[in-house]
Amino acid sequence: MDLNNVLDFPILSLSIFLPTIGALIIWLFVRGDNAVRWATLAVSVLTFIVTLPLALSFDTSTAHMQFEEFHPWISAFNVNYQLGVDGISMPFIILTSLLTVICIVSAWQCIQTRVKEYMLSFLILETTLIGVFSALDAILFYFFWEAMLIPMYLIIGIWGGKNRVYATIKFFLYTLAGSVLMLVAVLAMYFKAGHTFSLLAFMDYPFDFTWQFWIWIAFFIAFAVKVPMWPVHTWLPDAHTEAPTAGSVILAGILLKMGAYGFLRFSLPMLPDASQYFVPFVVMLSLIAIVYISLVAMMQTDLKRLIAYSSIAHMGFVTLGAFMFTQVAMEGALFGMISHGFVAAALFLCVGVMYDRLHTREISAYGGVANVMPVFAAVVVLFAMANVALPGASSFVAEIMVLIGTFDTSAVAQAHLPVSMKWVAIVATISVVLSACYTLWMVKRVIFGDVDKASVASMKDMNKREFGYFIPLILLVIWLGLYPAPVLDVMHASVTNLVTQAVTSKLDAAAALAQAAPMAEAVHH
Amino acid sequence: MANVTFPFPFPEHLSSLMPEMFVAVIAMALLLLDLFIPREKKCITAYIAIATASVAALLCVSVNPAEPLVGFYGFFVLDQFAVFAKVLICLATALAMVLSVQYMKDLENVGEYYVLMLFAMLGMMLMSSANNFIVMYLGLELMALCIYVLVGYQRDILRSNEAALKYFILGALSSCMLLYGVTFLYGVTGSFDFVTIGKGLADAGSSSHTAVMLGLVFIIAGLAFKVSMAPFHMWTPDAYEGAPTPVTAFMSVAPKVAGFVIFIRILDQAMPALQHEYTMILSAIAVLTMAVGNLAAIAQRNIKRMLAYSTVGHVGFVMLGLIAANDDGYAGILVYMSIYLFMTMGAFAIIIIMQREGIQGELLDDFSGLSKARPGYALAMGLMLFSLAGIPFLGGFWAKYAVFIAAVEAGHVYLVLYALLFSAVGAFYYIRLVKYIYFDDARVQFNFSESRLMQLTVVLMAIAVVALGVYPDPLMDLCKSAVAAMI
């Protein structure tokens, strides 16, 4: 394994810890709400700039880990501080650092109490998120994965809505209970794979089917809670609804992706046979998420709840694509995550803009907003169209790729499915209509129509700051919708490698190893 | 694991006993000296006692042997394992006394309090070095008698008396059980010495099985009482609630360290032949302990009772190290205890600062809005609570990790799974307290009883918890080598 950095400079470590160092400095030395806001913005912009070289000098021709760092951390258990990114994880780091900047700008005015704590929570959250996406050691991964709970718990609990305490405790316990199983799985793999926590070693080690089966289940519970997949999704609508705007943005933009990223980083490459075995199960849950959750979304009266359910439905596409074992579908799933990161973030920001004015999230409290806030209405309609996956938006590229990948049946996935994959694709395609239903109906009720409420009449259009943080999102959604090649290029080599790993059975190697072990022992004696 | 046994003439033996002798002499001298210190200046006694405990810790380090020493006809053993435990015990005692200064000043200011703590510490130090059931029992009783008195220290408060009485009666009963168990082993093997008993049991085979099993069960039950394993935990919540809070802090750390250390020695040296049996018994107890501790804590409204059940829960987790019965497990116990010391002392320091007029500030509600009144304390308490819940970047995560990985190594995957699920259940009551601190508004005016010393303690504990969370490697190495050098 090549442990040298491509660049000599530890960019990943710097991206991870810059926010925390900045948070410490702000905590100790910066006084006054406005100063704190500017300092936090400076730190987050700086972090974004630091992460840019990851994208700019990324080698798209290889599936190997890049920007690797390796330091022993806990020698007693061979736990290492091992970092590295490939085409699967790198985009998420950029997404995280970008969305954090947007979150901080968006909270400029709507957070007026305990500004400093809020900003510090976001910076520490950023550290843990970048850490999750760059960790190549299972314990380090778990470390960041769990540490993320603390700032998120506080963000929802302190600055959230009326029912925030219930929502945040539910969020915390759901996620914690899910991820403890992951820890057991990781510890078991440590002993099985020969006292190592390296993800790359786990990917190479041939686990036999029984091991894969149980470890897969443990991982699945942890990741499915995070994605979230039906039926363990119930924490999400609560958490989203009660979280402050920026909290929802990070939650939808990044946190949900951690679960799907877990599938791609752990389940598929490490446990290919179990992953194939469970294809029907995952496909079933994904279709339920797409169809049933879309119907649920339609019936929501609360704007944020609606978008939260829409997120679950979109993540259903992602999990569907991830378990199709075709290059196109998997790239579509990855691209879908990135795209959804922008679109869902933007939609939550839109709700935030309205909430700042009327302090309600009820759909019925609005109506005719386009008449008083024309610029804002244009932005909402644009992102609503992106949510529907209209051609020209990034989400269209993602969904079409997943659907093509599903139609273009891979033998591996089909072998485990009782029905033709075509039917799966047909159901998924039809249900794209559902997302149009709930999104457009919401737009109709909120944005269009006559202004028949005095409160709506008094709404002012967005100011420059508000419009400012939509600009990068608008540009990205349209740019990636029209020309997705740059992001797809980054993913390509890594996804090819991942598909190879996922379709290659480990069972033969495991059997060979099981045979070799007694023989080696006999030779030894 | 070489044994170096010295011949009778004492000098070398005495030097290995130096920390204990030092504590004994100073404690007795302090008892006399205290008579001449006027009541309003009793903090002099406190500071001398704190200095004694700290110096004792340093002395322990200074007598740290490269090879295990067995002296006094095999009664006393000094190895790195014992030294590590003694340092932890001295540290816990010193911290508990630091927490007491202001608290006792606000109440009745009495000097014997600190002397009793020193004697309890002495008892626990003896326990850590015990190589023989007699020495173990002497240490245990010295500790227990002092703590009975400490628990009932607030004579004019009913619940303090009630707690002390309950603790004393149940404690006496458990000591009887322990002794009863020892007599069975003595009957079978004819010795009180751990190693001789171990050999004797290995030779005895099944002929004396019933007697051996009775001995095992009674000894485990007796010790289980001391470290609050369910179902022998009944005294814990009452004693914790009734005791003066610094004593609660003391009780929840130091005796647990000593208890687990002696548990390890007995199981590892006297009962290796019974590993299958004691693993089964301890697994059953652990399953119960984790459930009782973590579930009952949820129902508590008083923070001291909650932490009492939380201790029970943590004891359940620590037991996984005993059940693993390997070096990693024992090292994990030391790691757990070290980190637990910092978390618990930090949490209790803040509880003591919060206390007003004796017993106010004990309800969870009383913490409402602390983050607005005093963000510093709120942050520290938040860190302690998240750490107790085992959330990473804080020490508590590695404490759990260290024992869990050892248990997985020993093949107890289901037990670890169970433990992890209960640690998620346990997280609920910790984060509920964070909720009071951060999410709720203050209900009453805060009135802190604080001093520079207390603030310093809180800061140091918080730093320790974060530092150990980010870089636990040195501690883990230290514990590992301490266990490797165990006799």
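Visitor: Two residues are in contact if their C-beta atoms, placed from the backbone, lie within 7 Å. How many residues does the contact take from chain B and chain A?
Guide: Chain B gives 26 residues and chain A gives 26 residues. Bear in mind that this is a predicted model: local features need pLDDT of at least 70, side-chain atom pairs count only at pLDDT 80 or more, and totals for chains, interfaces and linings use all residues. Residues are numbered from 1 along each chain as its sequence is written, while chains are lettered from A and ligands numbered from 1 in the order in which they are written.

Visitor: Which helices of chain B supply at least two residues of the side that touches chain A?
Guide: H17 (395-409), H18 (413-439) and H20 (473-484) of chain B each do. Helices (H or I, at least four residues) and strands (E, at least two) are DSSP runs, numbered from the N terminus.

Visitor: Where does the largest share come from?
Guide: From H18(B), with 13 residues.

Visitor: And how does that side of chain B divide by residue type?
Guide: It has 20 nonpolar residues, one polar and five charged. Nonpolar covers Ala, Val, Leu, Ile, Met, Phe, Trp, Tyr, Cys and Pro; charged covers Asp, Glu, Lys and Arg; the others, Gly among them, are polar.

Visitor: Switching to chain A. How many helices and strands?
Guide: Chain A has 24 helices and two strands. Its C-alpha atoms fill a box of roughly 90 × 60 × 40 Å along the principal axes.

Visitor: How do H9 and H11 of chain A cross?
Guide: H9(A), residues 209-226, and H11(A), residues 245-270, have axes that come within 7 Å and cross at roughly 160 degrees. Axes are lines fitted to C-alpha atoms, for helices over the stretch in contact, and angles run from 0 to 180 degrees between N-to-C directions. H9(A) and H11(A) are therefore roughly antiparallel (an angle over 145 degrees).

Visitor: Which residues make that contact?
Guide: H9(A) brings, among them, Trp216(A), Phe219(A), Phe220(A) and Phe223(A). From H11(A) come residues including Leu255(A), Met258(A), Gly259(A), Gly262(A) and Phe266(A). The contact of H9(A) with H11(A) divides into eleven nonpolar residues, three polar and one charged.

Visitor: Back to chain B. At what angle do H7 and H8 pack?
Guide: H7(B), residues 158-189, and H8(B), residues 194-204, pack at about 65 degrees, with axes 9 Å apart. Leu185(B), Val188(B) and Thr189(B) of H7(B) meet Thr196(B), Ile197(B), Gly200(B), Leu201(B) and Ala204(B) of H8(B).

Visitor: How many of those are nonpolar, polar or charged?
Guide: Five residues of the contact of H7(B) with H8(B) are nonpolar, three are polar and none is charged.

Technical notes. Angles under 35 degrees count as roughly parallel, over 145 as roughly antiparallel, 65 to 115 as roughly perpendicular and the rest as oblique.
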